[in-house]
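Hi everyone, thanks for making time. Have a look at the sequence and the structure on the screen, and I'll talk you through a few spots.

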Amino acid sequence: MKNIRFAEILSAVGAVLLFLLCPAPECAKKVQDAPPKFIIFSPQQQYISSENSVKMDGKITNAGDVRGISINGERLIIEKGGYFRSALILNPGKNLAVLSGFKNDGSVINIFRKILRVVRYPDMDELYSGRPHWAKKIITELATAGIIEAFPDGRFMPDDLVTRGEFATWLCRAKGLSLEAVSYGAYRDVPDGHWRAPYIYAVTKKGYIGAGPADTFGIDEPLSRVDAAYSITKAVGLLPSFDASQAATIEAYINELKSRTIEAAIQKGYFVGVSNRFRMYDFSRDMTRAEAANSISRIEEAKNRVNF
């Protein structure tokens with residue numbers, strides 16, 4: 001409201017000075033010839049909101065030279081005094097609002113507003129042991145970038161175990177892989193019509209995640225931390241090589257490959273320990289949704305996506 005009053009005061013002062021400093025006929029001509037000016041009261045440039053919509057309003061000076069305005073292609077009514085108002089629906093992440101003014105001479109004036117809609121989950125705003133959850137910032141950034149998602153009830157449940165289907169979806173989005181229509185049943189537990197199917201097929205096609213037993217993917221099965229380490233290192237091109245002939249048995253080869261994969265993931269910072277006091281990584285257990293988000297956030301493509 002203060003910004004509105006200040007703009008109107010400046011406009012009024014300018015009109016008074018113009019009236020005092022020039023003859024009436026010349027003043028009328030100057031006002032008539034003055035180009036229209038668009039003043040946006042809200043939102044301000046680079047506005048940040050957690051709501052799914054935002055009000056956009058403003059004023060046009062010398063609106064008589066304007067035959068119409070629109071916001072993102074939607075025509076608006078110019079009210080008395082040159083005022084206009086509208087409501088913008090915001091998508092998660094970056095939004096661009098374009099105010100277009102169409103002048104009588106056929107030219108167009110465009111004004112842009114960048115708006116960021118931050119995705120927030122109610123359970124992430126709660127305190128865990130008296131303090132914010134350690135992954136709150138990471139989860140908020142990835143969710144805003146459209147890389148991860150919550151459950152249908154709106155909760156993220158950071159300490160629940162991440163499933164192989166969830167991890168595959170998040171990894172696919174983070175890497176920006178192309179999605180293809182699925183018309184063949186590669187896995188018995190992933191129907192072609194399942195909304196995660198294109199993501200799962202994209203990452204398995206790249207070899208980032210292996211299949212499960214008996215032609216299944218294990219879409220609802222938890223993902224172990226060692227399997228997550230394999231997927232991340234493969235996705236970022238760090239998967240170590242090991243000559244199978246150097247191993248006495250297949251089991252020894254698998255164990256050595258797992259050990260080298262884990263070490264590569266740790267050295268490059270894709271995995272952090274489970275303890276603040278000791279160097280512990282506990283790769284024998286399954287991964288939580290918060291831990292999965294943390295590892296995916298360290299992928300270069302994901303870093304670029306959350307650079308708002």
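Just after helix H3, Gly 146 has a positive phi of about 80 degrees. Keep in mind that this is a predicted model.

Two packed helices are described by the angle between their axes and the distance between the axes. For helix H4 (residues 164-175) and helix H8 (residues 289-296), the angle is about 20 degrees and the axes are 11 Å apart. Since angles under 35 degrees count as roughly parallel, H4 is roughly parallel to H8. H4 passes H8 in a right-handed crossing. On the H4 side, the contact uses Glu 166, Phe 167, Trp 170, Leu 171 and Ala 174. Facing them from H8 are Arg 289, Ala 292, Ala 293 and Ile 296. Sorted by class, the contact of H4 with H8 has seven nonpolar, no polar and two charged residues.

H4 also packs with helix H6 (residues 225-235), at an angle of about 20 degrees and with the axes 12 Å apart. That makes H4 roughly parallel to H6. The crossing of H4 and H6 is right-handed. Here Phe 167, Leu 171 and Lys 175 of H4 meet Ala 228, Ser 231, Ile 232 and Ala 235 of H6. How many nonpolar, polar and charged residues does the contact of H4 with H6 have? By class, there are five nonpolar, one polar and one charged.

Now for the rings. A pair of aromatic rings is described by the distance of the centres and the angle of the planes. The structure holds six aromatic pairs. One of them is Phe 41 with Tyr 83: the centres are 6.4 Å apart and the planes are at 45 degrees, so the pair is tilted. Phe 41 belongs to strand S1 (residues 37-42) and Tyr 83 to strand S6 (residues 83-89), so the pair ties together parts that are 42 residues apart in sequence. Phe 41 is buried, with a relative accessible area of 11%, whereas Tyr 83 counts as partly exposed at 24%.

The rings of Tyr 187 and Tyr 201 have their centres 5.7 Å apart and their planes at 20 degrees, so this pair is stacked. Tyr 187 sits in the loop between H4 and helix H5 (197-206), and Tyr 201 in helix H5, 14 residues apart. Are these two buried or exposed? Tyr 187 is buried, with a relative accessible area of 13%, and Tyr 201 is buried too, at 7%. There is also an aromatic cluster, formed by Tyr 121, Phe 156 and Trp 170.

My last stop is Ser 70, in strand S4 (residues 66-71). At 4% relative accessibility, Ser 70 counts as buried, because the cut-off for buried is under 20%. Leaving aside neighbours within four places in sequence, what is Ser 70 in contact with? The residues are Arg 75, Leu 76, Val 98, Leu 99, Ser 100 and Phe 102.

Thanks, everyone, and I'm happy to take your questions.

Methods
Residues numbered from 1 in each chain as written. Predicted model: local features only at pLDDT ≥ 70, side-chain atom pairs only at ≥ 80, totals over all residues. Heavy atoms only, no water. Axes fitted to C-alpha atoms, helices over the stretch in contact; angles between N-to-C directions. Helix = DSSP H or I, 4+ residues; strand = E, 2+ residues; numbered from the N terminus. Parallel < 35°, antiparallel > 145°, perpendicular 65-115°, else oblique. Left-handed = near helix turned anticlockwise from the far one by under 90°. Contact = heavy atoms within 4.5 Å. Nonpolar A, V, L, I, M, F, W, Y, C, P; charged D, E, K, R; others polar. Phe/Tyr/Trp six-rings, centres within 6.5 Å; stacked < 30°, edge-to-face > 60°. Buried < 20%, exposed > 50% of the residue type's maximum accessible area, 1.4 Å probe, protein only.
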